[in-house]
Amino acid sequence: MIVAWSSPFWWFVVLFVGACVGSFLNVVIYRVPLNMSVNEPKRSFCPGCRKDIPWYRNIPIFTWVWQRGKCAECKMKIPVRYVLVEALTMILWGAAWYFFGMNGQPGEAFLLMVLLTLLVSISFIDAEHYIIPVKMTWWGAAFAIVGAYFFPELVTLVKSDLGWPGWREALVGFAAGYAVLQLVVWGGKLAFGKQKFSFEKPVDWELREPEEDDPMGQLCLVLDGEVFEWGDMFYRPTDKLMMDGCDFLVDGKKVAGESLVMRGEQVAIGEQIFKIEEISSLSGKATEVVRPREAMGGGDPPLLAMIGAFLGWPAVIFTLFGSSLYALLGALLLRVGLGKPLPFGPFLALAGVTWAFGGWKIWEWYLGLMTVGG
């Protein structure tokens with residue numbers, strides 16, 4: 001007996017599989033930023049006691065609730081993020097099947113599930129580490145372009161033949177997403193790529209090594225008590241930090257000079273040049289500092305390109321404006337001040353999800369107004 005796609009049976013199957021996928025995404029979210037394999041070790045383990053978690057203690061959602069958010073062995077608290085990812089993935093998969101699969105479009109539902117899975121993992125990684133795994137976006141975009149050949153209606157929004165119609169929309173969406181946001185990145189770098197600090201009296205500064213127990217830590221500049229991470233300053237080979245000051249100390253020894261120029265791999269004080277990797281300590285006093293900064297991360301254009309490949313170029317425009325509104329609202333709710341870092345990936349993802357689950361109707365309404373006005 002063949003069960004129809006519209007049967008609730010498939011919806012419950014999708015919900016169950018979605019929760020299991022969410023459990024695996026927790027592995028991805030934890031391991032990928034640490035450059036760990038998602039396959040080795042094969043079994044999940046507790047980050048605290050490092051003991052393997054048996055299958056009967058790894059049931060999505062249920063285990064976290066049953067164990068009250070603690071490891072059964074060492075009683076270390078398990079972040080609420082774990083159950084949230086599982087529940088969110090389950091809900092999003094269920095929604096994708098409800099809107100597409102149960103309406104006779106299982107292929108489009110599957111493509112959307114792949115997109116939602118990627119967006120969940122990328123969003124949580126970016127929110128926690130300010131990193132977008134670009135390889136995920138490239139592989140996701142490639143999958144979307146291939147999938148658009150067989151299931152074009154997710155990207156075209158209308159009944160379409162297999163082959164070129166889907167490919168065309170996916171390719172245009174990919175190119176539009178990357179180009180539009182890359183222009184924003186370049187423009188932001190020109191307009192906001194430098195931050196200047198001036199002090200009436202010399203202030204202390206130093207380079208600080210990351211904490212030994214922080215595998216994601218990075219070198220930091222500590223200027224008058226304010227911390228600036230290396231990756232936020234030196235993203236491009238052309239980025240440089242310029243400083244006027246005195247009492248420059250390299251490995252505890254004073255170096256003559258009134259100015260300093262720092263790049264990603266070296267620092268120049270007066271006529272002397274030192275390699276960053278060969279220095280154990282660097283400090284001094286500063287009267288004026290001009291530091292480089294990024295207006296937007298380099299992973300955002302590939303992310304929008306992937307969304308465009310799955311959903312088409314109109315979704316790119318909607319996602320760009322929608323994510324800006326979401327980010328503004330998020331900054332207000334989280335009380336993030338000007339100049340403070342705010343991961344943009346989750347807001348791009350949220351706007352893309354909004355489009356997939358009905359935001360396109362706003363686009364149709366807007367085009368209808370334009371037609372009437374014309």
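Helices (H or I, at least four residues) and strands (E, at least two) are taken here as DSSP runs, numbered from the N terminus. The structure is a predicted model, in which local features need pLDDT of at least 70 and side-chain atom pairs count only at pLDDT 80 or more, whereas totals for chains, interfaces and linings use all residues. Residues are numbered from 1 along each chain as its sequence is written, and side-chain values use heavy atoms, with hydrogens and water left out.

Grid points are joined across faces, edges and corners, and a volume is the space filled by probe spheres set on the points. One cavity of 30 Å³ or more is present, and the largest cavity holds about 30 Å³ of space. Its lining consists of Leu 111, Ala 144, Ala 148, Phe 151, Leu 154, Val 155, Ala 309 and Phe 310, with at least two residues supplied by each of helix H5 (134-150), helix H6 (153-156) and helix H9 (300-311). When Ala, Val, Leu, Ile, Met, Phe, Trp, Tyr, Cys and Pro are counted as nonpolar, Asp, Glu, Lys and Arg as charged, and the others, Gly among them, as polar, this lining of the largest cavity comprises eight nonpolar, no polar and no charged residues.

The second largest pocket has a volume of about 510 Å³ and is lined by 30 residues, of which Phe 45, Ile 53, Asn 58, Ile 78 and Tyr 82 lie nearest its centre. Two or more lining residues come from each of helix H1 (8-31), helix H2 (62-66) and helix H3 (81-99), and H1 gives the most, with five residues. By class, the lining of this second largest pocket has 18 nonpolar, six polar and six charged residues.

Helix H7 (residues 164-192) packs against helix H10 (residues 313-334) at an angle of about 30 degrees, and their axes lie 7 Å apart. H7 and H10 are therefore roughly parallel to each other. In H7, Glu 169, Val 172, Gly 173, Ala 176, Gly 177, Val 180 and Leu 181 meet Trp 313, Val 316 and Leu 320 of H10, where contact means heavy atoms within 4.5 Å. Axes are lines fitted to C-alpha atoms, for helices over the stretch in contact, and angles run from 0 to 180 degrees between N-to-C directions; angles under 35 degrees count as roughly parallel, over 145 as roughly antiparallel, 65 to 115 as roughly perpendicular and the rest as oblique.

Among the strands, two are said to pair if DSSP finds at least two bridges between them. Strand S1 (residues 194-208) runs antiparallel to strand S9 (residues 282-292), to which nine bridges join it, and Ser 198 has Glu 288 in S9 as its bridge partner. S1 also pairs in the antiparallel sense with strand S2 (residues 220-223) over four bridges, with Trp 205 standing opposite Leu 223 in S2.

Notes. On a 1 Å grid over the protein atoms alone, a cavity is a set of points where a 1.4 Å probe fits but cannot get out, and a pocket is an open set with protein on both sides within 12 Å along at least five of seven lines; lining residues have an atom within 4 Å of a point.
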